[in-house]
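Biologist: I am new to this structure. Can we go through it by question and answer?

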Amino acid sequence: MKITNICCIGAGYVGGPTMAVIAKMNPKIKVTIVDINAERIAAWNDEDVSNLPIYEPGLAKIVKETRGKNLFFSTEIDQAISESEMIFISVNTPTKTYGKGKGMAADLKYVELCARNIAEVATTDKIVVEKSTLPVRTAQAIKSILHNTGSEVKFEILSNPEFLAEGTAIEDLLNPDRVLIGGESEAAIESLAKVYGSWVSQDRILRTNIWSSELSKLTANAFLAQRISSINAISELCEHTEANVSEVAKAIGMDSRIGSKFLNASIGFGGSCFQKDILNLVYIARSYGLNAVADYWEQVIILNDHQKRRFSDNLISTLYNTVSGKKIAMLGWAFKKDTNDTRESAAIYVADHLLSEQAHIAVYDPKVSGIKIQSDLNYLNTRTEEENNDLVKAFEDPYKATENSHAIAIMTEWDEFKTYNWGKIYDGMKKPAFIFDGRNILDKTEMETIGFEYSSIGK
Ligand code: UDX
Ligand code: UDX
């Protein structure tokens with residue numbers, strides 16, 4: 001099938017950057033991103049590209065180049081579906097908050113709604129591409145909805161999971177380690193391979209069956225998260241044995257079988273994917289009665305929760321066993337640097353724990369607004385919105401945020417934190433002035449020379 005029009009349902013962290021790059025690399029293809037959220041679409045269409053709903057290095061430049069030429073953002077979902085030969089489903093698949101599988105299984109209602117919408121509107125043959133991360137065998141449900149419309153329209157379903165990481169999305173999309181396409185129809189697979197072929201060499205485009213493709217995405221995220229929980233588990237042991245987790249990570253990472261990436265001990269992983277996808281994997285394994293498999297992967301999450309809790313427990317015990325009424329400055333709220341995304345950020349859980357111990361929290365994050373911070377905390381429902389509002393203040397200046405604080409907790413590894421005038425920060429704080437470096441980004445000797453009581457992870 002010759003592809004001249006592509007539609008993507010879901011203008012989020014995945015759909016937005018992915019389609020922007022597809023549009024840039026395929027100037028002859030018209031790419032339309034649609035979303036039910038009119039406000040989000042308006043932000044994508046904002047004349048000033050610094051107001052795009054997603055912050056991602058390099059994204060604004062590409063949107064500026066392509067928007068209005070062959071990249072469009074719209075709420076006219078039916079129209080975009082009907083004029084496209086290829087439709088990407090890139091809507092969110094959150095963990096279920098109700099009913100069977102609550103807290104574990106992926107909620108597929110939005111994916112199903114998309115499939116039903118496509119079935120209703122389509123009058124010509126379509127290739128439907130699963131971009132959202134989905135439990136293995138979801139394509140079966142999409143297929144069943146699309147193949148039972150009673151019309152003559154033919155649908156081919158492909159799985160094409162996204163491996164981009166936030167903060168480096170554009171770089172990851174432009175130079176992917178691999179592109180994975182799973183499907184039954186060779187012709188449909190090749191149509192999509194051609195779209196990527198504009199900039200990705202064919203030997204990096206992997207073709208598999210649809211179920212392997214779906215499961216590979218969950219497995220990739222589970223393996224990545226497992227590495228972090230593994231090094232975090234060792235970090236706790238380091239703290240009791242005078243071993244240094246950075247030295248251990250370097251020593252093991254030089255073994256080419258292990259590799260050096262993804263071995264940074266931290267306050268625990270966050271982000272929209274790792275926890276959700278592992279819970280999903282655990283749920284699927286249990287649903288097949290594979291309890292040993294499920295228990296094995298569940299441990300990655302248990303350890304991650306333990307790491308976040310351990311960080312706040314350590315902060316409280318170091319501050320003479322009470323943070324009640326004390327000002328704790330948090331530097332960073334995003335789940336990692338170079339993104340404004342806060343989903344499942346460790347900062348939220350650490351703050352919630354400290355607030356339950358009656359701490360006052362001051363937050364500075366270069367890309368996250370005070371409104372977002374409040375809504376992240378309110379979402380947990382631990383206390384009233386008024387209480388969160390009283391106890392948590394967001395600042396636009398890190399020096400103001402840390403002023404008169406009893407301790408600083410570094411939650412995100414933003415580069416700018418390394419270049420602050422730490423002597424000035426020290427002068428403005430209550431003494432003894434504590435730093436809890438949840439990302440191991442500051443130099444211990446330098447901090448101690450200034451006068452700080454400095455502690456980090458795994459050292
Ligand atoms: C999401 C999932 O979290 C991830 O698992 C999957 O791989 C891709 O989709 P992300 O792009 O980060 O990732 O989600 P989000 O930023 O929430 O964007 C989803 C968008 O879909 C939202 O803008 C939402 O308004 C939109 N949407 C949702 C629709 O347009 N229609 C719907 O029916 C539901
Ligand atoms: C992840 C996968 O990397 C990506 O392939 C997939 O498509 C989506 O999920 P993302 O969640 O955007 O991407 O970011 P990632 O860089 O993987 O970081 C996830 C979390 O792990 C962050 O909180 C990060 O700070 C943490 N992390 C990462 C560590 O604590 N230590 C590390 O060594 C690496």
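Biologist: Is Asn-381 buried or exposed?

Modeller: Keep in mind that this is a predicted model. The cut-off for exposed is over 50% relative accessible area. Asn-381 has 64%, so Asn-381 is exposed.

Biologist: Where does Asn-381 lie, and what is its phi near?

Modeller: Asn-381 lies in the loop between α14 and α15. Its position is just after α14. Most residues other than glycine have a negative phi. Asn-381 has a positive one, near 60°.

Biologist: Which residues of helix α14 are buried, and what covers them?

Modeller: Helix α14 covers residues 370–380. Its buried residues are Ile-373, Gln-374, Asp-376, Leu-377 and Asn-378. An α-helix has 3.6 residues a turn, so residues three or four places apart point the same way. The cover over the buried residues of α14 includes α13, β10 (360–364), α15 (385–391) and β11 (392–395).

Biologist: Which residues touch the most other members of the largest nonpolar core, and which helix gives the most to this core?

Modeller: In soluble globular proteins, nonpolar side chains tend to be buried together. The largest nonpolar core here has 57 residues, and Met-330, Trp-333 and Trp-422 touch the most other members. The helix that gives the most to this core, with seven residues, is α13 (residues 346–356).

Biologist: What does Met-330 touch, not counting residues up to four places away in sequence?

Modeller: Contact here takes heavy atoms within 4.5 Å. Leaving out residues up to four places away in sequence, Met-330 touches Ala-347, Val-350, Ala-351, Leu-354, Ile-361, Ala-362, Val-363, Tyr-364, Ala-409 and Met-411.

Biologist: How many residues are in the second, separate core?

Modeller: Val-128, Val-153, Ile-157 and Trp-211 are among its members. The second core is separate and has 45 residues.

Biologist: Back to Trp-422. Are the rings of Tyr-420 and Trp-422 stacked, edge-to-face or tilted?

Modeller: Tyr-420 is buried at 12% relative accessible area, and Trp-422 is buried at 3%. Their ring centres are 6.1 Å apart. Planes under 30 degrees apart count as stacked and over 60 as edge-to-face. The planes here are at 40°, so the pair is tilted.

Biologist: Which residues do ring pairs link into a cluster?

Modeller: The count for the structure comes to 14 aromatic pairs. Ring pairs join one cluster made of Tyr-364, Tyr-399, Phe-417, Tyr-420, Trp-422, Tyr-426 and Phe-452.

Biologist: Which residue meets Glu-298 in a salt bridge?

Modeller: Glu-298 is partly exposed, at 23% relative accessible area. The N to O distance in its salt bridge is 2.7 Å. The partner lies in helix α11 (residues 274–287), and Glu-298 in helix α12. That partner is Arg-286.

Biologist: In the pair of Arg-343 and Asp-341, which residue counts as buried?

Modeller: The two side chains meet in a salt bridge, at 3.0 Å from N to O. Arg-343 has a relative accessible area of 35%, so Arg-343 is partly exposed. The cut-off for buried is under 20%. At 2%, the buried residue is Asp-341.

Biologist: Which residues form a nonpolar patch on the surface?

Modeller: One member lies in helix α12 (residues 291–318), namely Val-293. Val-293 counts as partly exposed, at 41% relative accessibility. The patch has about 300 Å² of accessible area together, and its residues are Tyr-288, Leu-290 and Val-293.

Biologist: Which peptide bond is cis?

Modeller: Most peptide bonds are trans. Pro-432 sits in the loop between α17 (422–428) and β13 (434–437). Omega is near -5° for the cis bond, which runs from Lys-431 to Pro-432.

Conventions
Residues are numbered from 1 along each chain as its sequence is written. Chains are lettered from A and ligands numbered from 1 in the order in which they are written. This is a predicted model: local features need pLDDT of at least 70, side-chain atom pairs count only at pLDDT 80 or more; totals for chains, interfaces and linings use all residues. Side-chain values use heavy atoms; hydrogens and water are left out. Patches are made of residues with over 30% relative accessible area and no salt bridge: like charges are joined within 9 Å, nonpolar side chains (Val, Leu, Ile, Met, Phe, Trp, Tyr) within 5 Å. Accessible areas come from the Shrake-Rupley method with a 1.4 Å probe; for residues, only the protein chains shown count as cover. A salt bridge is a side-chain nitrogen of Lys or Arg within 4 Å of a carboxyl oxygen of Asp or Glu. Helices (H or I, at least four residues) and strands (E, at least two) are DSSP runs, numbered from the N terminus. Buried means under 20% relative accessible area, exposed over 50%, partly exposed in between (1.4 Å probe, protein chains only). A nonpolar core is a set of buried Ala, Val, Leu, Ile, Met, Phe, Trp, Tyr and Cys residues joined through side-chain atoms within 4.5 Å. Rings of Phe, Tyr and Trp (its six-membered ring) pair if their centres lie within 6.5 Å; planes under 30 degrees apart count as stacked, over 60 as edge-to-face and the rest as tilted.
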